[in-house]
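Me: I am new to this one. Please take a close look at a single part of it, and tell me how that part is put together. Then set it against the rest.

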Amino acid sequence: MALDFLAAEAGASVFFGATSQTTVIFKSSAEYRGWERFLHAGRAAYDYGEAQDDQQVTFVNKRSWIAEGQLDYLPGGNWSPFVLGSVEGSLERKIERRYAGAAGVRWTPLDEDGKKFDLAGGAKVERTTPKVDVGEVAVTENIGRLYTRGELAWPLGERVAFSLITTYEPDFSDFGNYTVGVDTGIQFNMNSSIALKLSLLD
């Protein structure tokens, strides 16, 4: 097995207005090849945020985490089957624990010289236990979803690159119930090991 990629990211944001808010973000990811035809990938992220109310009392308004693992078969080809699994929790989204698994196929027509474009589609299942107040009973929910994901990476210069990752996951039984995720940013490479990234997450 050979480690292909290892990255760590830390960020912070501060907002001032009627109330002040501060958020810190930590992310890490790694990829390595197992045997000859498989690519393993792992990702983890943790967000923590605090805010002040009208009385200038500080409280936690954001605390979420996720860990994800993925296995790709024949990652060097245009078509690559994959499976992935994840576990997460979120204070602001009232998720005590969510387990998810997905399987599908990824199409990668371009992946060279820092340029990448791929689309993935498949099926996903989620099992979510919500956060509830003391004395309430948590009702676990199971959902099957269509899983779609797109990724684009493009160099804008010798040290600057643009990236975009977006997901769309509608409920199989009700396409009006869906989740959308967007992670877009511009990365400025300071040297071979350190980069500054400006991101927009939704």
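**A run of paired strands**

Reply: Gly104 stands opposite Gly122 in E7. This is a predicted model, where local features need pLDDT of at least 70, side-chain atom pairs count only at pLDDT 80 or more, and totals for chains, interfaces and linings use all residues. Residues are numbered from 1 along each chain as its sequence is written, and side-chain values use heavy atoms, leaving out hydrogens and water.

Start with that pair of strands. E6 (residues 95-112) and E7 (residues 115-130) run antiparallel, joined by 15 bridges. Strands here are DSSP runs of E, at least two residues long, numbered from the N terminus (helices are runs of H or I, at least four). Two strands pair if DSSP finds at least two bridges between them. The hairpin of E6 and E7 has two residues between the strands, and Asp113 takes a positive phi near 55 degrees there.

Now the other partner of E6. Strand E5 (residues 79-90) runs antiparallel to E6, with eleven bridges between them. Glu88 stands opposite Arg98 in E6. Four residues separate E5 and E6 in their hairpin. In that turn, Lys94 has a positive phi of about 55 degrees.

Next, the side chains. The largest nonpolar core has five residues: Phe82, Leu84, Ala102, Ala120 and Tyr147. Such a core is a set of buried Ala, Val, Leu, Ile, Met, Phe, Trp, Tyr and Cys residues joined through side-chain atoms within 4.5 Å. Buried means under 20% relative accessible area, exposed over 50%, and partly exposed in between (1.4 Å probe, protein chains only). In soluble globular proteins, nonpolar side chains tend to be buried together.

What does Ala120 touch, leaving out residues up to four places away in sequence? Its partners are Phe82, Val105, Arg106, Tyr147, Thr148 and Arg149. A contact means heavy atoms within 4.5 Å.

Now the rest of the chain. It has zero helices and eleven strands. Buried residues make up 23% of its 202 residues. Among contacts with a separation of 6 or more, 42% join residues 24 or more positions apart. The C-alpha trace spans about 55 × 45 × 35 Å along its principal axes.

Leu156 lies in the loop between strand E8 (141-155) and strand E9 (160-171). Is Leu156 buried or exposed? Leu156 is exposed, because its relative accessible area is 54%.
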